[in-house]
Amino acid sequence: MQIKDSTFLVTGASLGIGKATAKLLVEKGGKVAITGRNKSRLEKSAAEIGAFPINADAGNPDDIKRTYDEFLNEFKKLDCLVNNAGIGGTWKQVFDLELEDFIKVYSVNVFGAALMAKYAANLFKQQNYGNIVNIASTAATKGYANGTVYSSSKFALRGMTQCWQAELRKYNVRVILVNPSEVITAFGNAEGKERIEVPNKLRSFEIAQTIVSTLEMDDRGFIPEVTVWATNPF
């Protein structure tokens with residue numbers, strides 16, 4: 001894929017992995033829109049990196065439809081969706097789980113991601129070309145104590161990715177899953193503050209590099225799934 005002059009929609013990109021990815025795509029000449037729920041933070045980030053802001057909640061079906069309306073009004077076509085928006089929710093053991101815990105997290109990590117992909121897939125089918133990058137987690141490959149809600153949401157995203165790969169390859173659509181390990185971001189911080197960088201831990205930049213490098217492979221091939229670990233985080 002040629003990044004230069006291609007169009008990208010990156011969800012949940014006011015901070016962290018989404019922002020780093022959008023920044024790198026812009027630096028390589030891509031035309032990029034970013035979404036986020038916090039309007040002021042979104043617009044500040046968009047101005048910093050040269051992206052087009054769309055104030056939207058990736059877990060709200062009406063906002064998702066409006067996202068595509070605003071995106072296409074600005075860019076006319078879509079070449080790549082980066083399904084990055086995600087939330088952590090509540091970390092509980094099985095003894096204490098409530099239905100609401102799942103609904104809150106799944107509305108973004110599963111249902112929102114699926115609806116974002118639905119609209120992208122319909123565009124890609126018409127143009128016989130496109131790319132979807134889903135940002136999951138190493139939690140999508142192995143469960144852990146207190147992680148029932150979050151981990152299962154990422155397992156679901158991983159499963160959906162495999163389904164979309166089977167459905168969309170005949171339309172020249174590449175669907176890629178990226179599983180970051182622990183990354184120094186604002187994830188889980190209610191105030192939206194990025195955590196302090198630590199030399200031996202992954203930064204958002206490493207994940208952005210991974211996303212962009214998988215996309216830059218010639219369109220005849222794609223990497224179905226890639227997991228990124230810090231070399232020595234201990």
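Trainee: Why is Asn172 called partly exposed?

Mentor: The relative accessibility of Asn172 is 43%. Buried means under 20% relative accessible area, exposed means over 50%, and partly exposed is in between (1.4 Å probe, protein chains only). At 43%, Asn172 therefore counts as partly exposed. Please bear in mind that this is a predicted model, in which local features need pLDDT of at least 70 and side-chain atom pairs count only at pLDDT 80 or more, while totals for chains, interfaces and linings use all residues. Residues are numbered from 1 along each chain as its sequence is written, and side-chain values use heavy atoms, with hydrogens and water left out.

Trainee: Where does Asn172 lie, and what is its phi?

Mentor: Asn172 is found in the loop between α5 (148–168) and β6 (173–180). Helices are DSSP runs of H or I with at least four residues, strands are runs of E with at least two, and both are numbered from the N terminus. The phi of Asn172 is positive, about 60 degrees, although Asn172 is not a glycine. Most residues other than glycine have a negative phi.

Trainee: Which residue follows α3, and what is its phi?

Mentor: Lys76 follows α3, and its phi is positive, near 75 degrees. Lys76 belongs to the loop between α3 and β4.

Trainee: Is Lys76 buried or exposed, and how do you know?

Mentor: Lys76 has 63% relative accessibility, so it counts as exposed.

Trainee: How does the span of helix α3 compare with the one expected?

Mentor: Helix α3 (residues 61–75) has 15 residues. The expected span is 1.5 Å times one less than the number of residues. From first C-alpha to last, α3 reaches 21 Å, close to the 21 Å expected.

Trainee: Which residues of α3 are buried, and on how many faces of the helix do they lie?

Mentor: The buried residues in α3 are Asp63, Ile64, Thr67, Tyr68, Phe71 and Phe75. Seen down the axis of α3, they fall within an arc of 140 degrees, so they line one face. The arc is that of the directions from the helix axis to the C-beta atoms. The face turned away from this buried side carries the exposed residues Asp62 and Asn73. An α-helix has 3.6 residues a turn, so residues three or four places apart point the same way.

Trainee: What do the buried residues of α3 pack against?

Mentor: They pack against β1 (7–10), β2 (31–36), β3 (52–55), β4 (80–83) and α4.

Trainee: What makes Asn60 a cap of α3?

Mentor: A side-chain oxygen of Asn60 lies 2.8 Å from the backbone nitrogen of Asp62, at the N-terminal end of α3. A polar contact is a pair of N or O atoms within 3.5 Å; within protein, one must be able to donate a hydrogen and the other to accept it, and residues adjacent in sequence count only if both atoms are side-chain atoms.

Trainee: Why is the pair Asp63 and Arg66 called a salt bridge?

Mentor: A salt bridge is a side-chain nitrogen of Lys or Arg within 4 Å of a carboxyl oxygen of Asp or Glu. The side chains of Asp63 and Arg66 meet at 3.3 Å, N to O. Being three residues apart in α3, they are separated by about one helical turn. Asp63, at 17%, is buried, whereas Arg66, at 29%, is partly exposed. A network of salt bridges links Asp63, Arg66 and Glu70.

Trainee: What do Glu48 and Lys19 tie together?

Mentor: Their side chains meet in a salt bridge of 2.6 Å, N to O. Glu48 lies in helix α2 (residues 39–49) and Lys19 in helix α1 (residues 16–27), so the pair ties together parts 29 residues apart in sequence. The structure holds 14 salt bridges.

Trainee: How do you know that Asn109 is buried, and what is it in contact with?

Mentor: Asn109, in helix α4 (residues 99–127), has 2% relative accessibility and so counts as buried. Its side chain reaches the backbone nitrogen of Ile87 at 2.9 Å. Contact means heavy atoms within 4.5 Å. Leaving aside neighbours within four places in sequence, the contacts of Asn109 include Ala85, Tyr150 and Leu157.
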